[in-house]
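Here is a short briefing for a first look. Keep the sequence and the model side by side as you read.

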Amino acid sequence: MVPGAVEESVSLGHPSPGTTACTPPAEFLTPKQPSDGDFLWDSPFPQGWNARTSHLSASSPDVPLGMCFWATVLLVLTLILLACLLHMDNRLLTPPHSDEAKGLPITNVMFLKTHKTASSSVLNIVFRFAETHKLSVALPAGSDLHLGYPWLFLARYVEGVQQDRSGQQQHFNIMCNHLRFNLPEVQKVMPKGTFYFSILRNPIFQLESSFTYYRNYVPAFKRAKSLDVFLASPGTYYNESVGLPNVYARNNMWFDFGFDNNAPAEESYVRARLADVERRFHLVLIAEYFDESMVLLRRLLRWRLDDVVSFKLNSRSQNSITSLTPESQERVKHWCALDWRLYQHFNHTFWAKVRAELGPERLRAEVALLRARRRELTALCLQDSVPKNNWQINDPQLRPYQAGEADILGYNLQEGLDNETLQMCLRMVTPKLQYTARLYALQFPEKPPKNIPLTGP
């Protein structure tokens with residue numbers, strides 16, 4: 001058992017303890033309680049009222065006073081009931097446990113997989129949907145495992161991209177491997193009407209994860225004894241002229257969206273780029289609220305509950321996670337100012353979409369349902385219900401890639417599962433590189449299989 005395992009330092013559904021992540025609006029944190037006056041109002045009927053449609057009147061000598069009183073009480077109670085119904089969020093009238101979505105599921109999906117943001121779990125969700133629905137996936141060509149990253153994406157990085165006899169470019173249903181976003185080239189691969197989404201994480205913890213994972217690869221990180229030391233004087237270690245090898249050390253999420261990670265954080269420039277992202281991406285998720293993100297994603301894509309249930313993938317053991325000092329946390333906000341603005345902006349838009357699509361009560365119900373289903377699948381699929389150290393994983397094909405100083409965890413499956421259950425559970429725990437190779441073999445059986453490394457620099 002490995003206590004405190006965290007997906008790229010992200011706890012699914014909740015921010016890490018002590019984070020300075022942007023918090024959701026108060027209505028999503030605590031159930032809204034009606035104030036004392038929510039359902040009270042002055043009676044619209046004056047004393048001694050005499051409706052045109054009734055002969056009853058408090059002043060009528062022909063009607064007993066008691067009958068008039070009870071008629072008035074009944075009418076007021078009826079109005080109160082109607083008012084209560086009007087105050088209800090009508091979205092709650094749809095049973096939260098219903099697994100039926102209105103309309104057909106969206107099957108053309110582009111997920112921009114940002115780095116160290118819980119994106120490996122999202123990738124697994126999208127890959128599983130593609131495999132179970134027999135959808136085509138834009139996979140890296142040849143022996144590559146990424147779509148040209150860190151260079152800007154080009155359509156030729158995709159296996160099987162070619163024009164048909166009519167001169168039309170071949171399109172795919174799904175795109176989700178690492179790439180640096182380049183819209184004109186992506187549109188050559190993905191059809192019109194594609195749903196675009198991505199995920200962001202608090203830059204403080206995104207950078208901490210990157211430092212651990214890429215410590216032996218990124219020039220800016222190699223000479224620094226710790227991330228605290230690096231952040232105390234980043235200019236001592238970071239050389240902008242080094243170029244692409246250093247992209248993980250500053251504004252990496254901004255870079256993944258196709259922008260200049262070394263650009264000055266001038267207000268006009270930042271606002272223009274944020275507007276670019278808003279125009280293209282239908283949804284940007286927040287890693288600190290992973291479960292809430294999956295509920296919203298499911299609703300917008302019209303997918304089933306099991307389509308968005310996942311286990312933590314590419315998670316690190318607690319002993320490979322570093323706690324930054326408060327001073328270092330503040331320094332990240334300045335050093336990665338573009339990432340910080342990106343995160344703050346889309347944290348706000350995320351909760352606005354949640355409010356518009358779900359509302360707080362419905363959100364809580366759907367999150368509870370998602371977590372309950374995850375617990376069921378955990379008990380069904382996993383040995384000991386916890387992730388394992390790499391050396392503890394029995395099946396070599398389920399051992400995740402190990403990089404830098406990160407201790408990446410994986411899973412052992414329960415024994416004795418029937419074939420259908422085994423295949424479902426296997427898909428849920430397959431690491432990202434192995435899953436890429438699996439889909440490549442299924443989609444291009446005539447091509448040589450991809451060789452998957454298990455360790456890196």
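This is a predicted model: local features need pLDDT of at least 70, side-chain atom pairs count only at pLDDT 80 or more; totals for chains, interfaces and linings use all residues.

Residues are numbered from 1 along each chain as its sequence is written, and side-chain values use heavy atoms, with hydrogens and water left out.

**Helix α2**
- Helices are DSSP runs (H or I, at least four residues), numbered from the N terminus.
- Helix α2 covers residues 119-132.
- Its 14 residues should span 20 Å at 1.5 Å a residue, and the end C-alpha atoms agree, lying 20 Å apart.
- The expected span is 1.5 Å times one less than the number of residues.
- Of the 14 residues in α2, 13 are buried (under 20% relative accessible area, 1.4 Å probe, protein chains only; exposed is over 50%, partly exposed in between).

**Nonpolar cores**
- A nonpolar core is a set of buried Ala, Val, Leu, Ile, Met, Phe, Trp, Tyr and Cys residues joined through side-chain atoms within 4.5 Å.
- The largest one has 92 residues, and M110 and F153 are among those with the most contacts inside it.
- Helix α13 (residues 337-357) gives the most to this core: 8 residues.
- A second, separate core has 32 residues, including Y149 and C336.

**A352**
- A352 sits in helix α13.
- Its relative accessibility is 33%, so A352 counts as partly exposed.
- A352 and P24 are 328 residues apart along the chain, yet their C-alpha atoms are separated by 9.6 Å.

Terms used:
Helices (H or I, at least four residues) and strands (E, at least two) are DSSP runs, numbered from the N terminus.
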